[in-house]
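The sequence and structure are shown first.

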Amino acid sequence: MELEPDSPIASEHELKLCKTAEGTNLTGIFSTLDNEEPSMEGWITHKMQCLPVYNTQYLKMKEHYLRSAKPPRRVKPLNHIVKNYKPVSSHAHNKDDCKRKDSPKMLSKDNIMDLLFHAFEKHQYYTLKDLQFITKQSVFVLKAILKDIGDYNKDPAHKKMWELKE
């Protein structure tokens, strides 16, 4: 500890002797003499804790430590003007997303099936959410098509995933 000469320090301590609980891992003591095999000396069955006594001196020391640990808050003068922006409820990129979401392109059943077959060439199993992202179609349209061409897995290995029928 780096202590200043006038800083308070706890001078009183309490020694607490505890027996290790049964069923916990015991710590062994080993020793070696002159490059010999390590030999077992014994087991640690009790634990000693050195705890400070909670008195006014200890509390003053803790308070002193906590106050010195964090720097005091300081005010910094600003040399430039801070620009304040008014909040905007609808940004340009949000408007583009809304336009894209409002007008989904409805593909024909053959085009959707081509997209699905192309996706299943890459991987054997897909979740419905992944297929929806790939085809950009609604869940209802995809489910109607997948019931014709795919199998829904319920086994734990590929649970809630679709694969093509044999």
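Contact here means heavy atoms within 4.5 Å. In this predicted model, the buried residues of α5 are covered by elements that include α3 (109-122), α4 (128-135), β5 (150-152) and β6 (162-164).

**Helix α5**

Helix α5 spans residues 139-149, and its buried residues are L142, I145, L146 and I149. Seen down the axis of α5, these buried residues fall within an arc of 100 degrees, so they line one face of the helix. On the face turned away from that buried side, α5 carries the exposed residues F140 and K147.

**The chain as a whole**

The protein chain has five helices and six strands. Read from the N terminus, the order of the elements is β-β-β-β-α-α-α-α-α-β-β. Of its 166 residues, 15% count as buried. The accessible surface of the chain comes to about 15300 Å², and carbon and sulfur atoms account for 55% of that surface. Among contacts between residues at least 6 apart in sequence, 53% join residues at least 24 apart.

In soluble globular proteins, nonpolar side chains tend to be buried together. In this model, the largest nonpolar core has 13 residues, and L116, L131 and L146 have the most contacts inside it. Helices α3, α4 and α5 each supply at least two residues of this core. The largest share, five residues, comes from α3.

Which residues does L131 touch, not counting those up to four places away in sequence? They are L116, F120, Y126, L142, L146 and W162. Two of these, L142 and L146, are also among the buried residues of α5.

**Aromatic rings**

The structure holds three aromatic pairs. One of them joins Y54 and Y58 in an edge-to-face arrangement, with 5.2 Å from centre to centre and 90 degrees between the planes. The accessibility of each partner is tabulated here.

| Residue | Relative accessibility | Class |
|---|---|---|
| Y54 | 65% | exposed |
| Y58 | 11% | buried |

Why does Y58 count as buried? Its relative accessibility is 11%, and buried means under 20%. Y54, at 65%, falls in the exposed class because that class begins over 50%.

A charged side chain also meets a ring in this model: K136 lies over the face of F133, at 4.3 Å from the ring centre.

Key: Residues numbered from 1 in each chain as written. Predicted model: local features only at pLDDT ≥ 70, side-chain atom pairs only at ≥ 80, totals over all residues. Heavy atoms only, no water. Phe/Tyr/Trp six-rings, centres within 6.5 Å; stacked < 30°, edge-to-face > 60°. Buried < 20%, exposed > 50% of the residue type's maximum accessible area, 1.4 Å probe, protein only. Lys NZ or Arg CZ within 6 Å of the ring centre and 35° of its normal. Helix = DSSP H or I, 4+ residues; strand = E, 2+ residues; numbered from the N terminus. Areas by Shrake-Rupley, 256 points an atom, 1.4 Å probe, with all protein chains shown as cover. Arc of directions from axis to C-beta. Core = buried A, V, L, I, M, F, W, Y, C linked by side-chain atoms within 4.5 Å.
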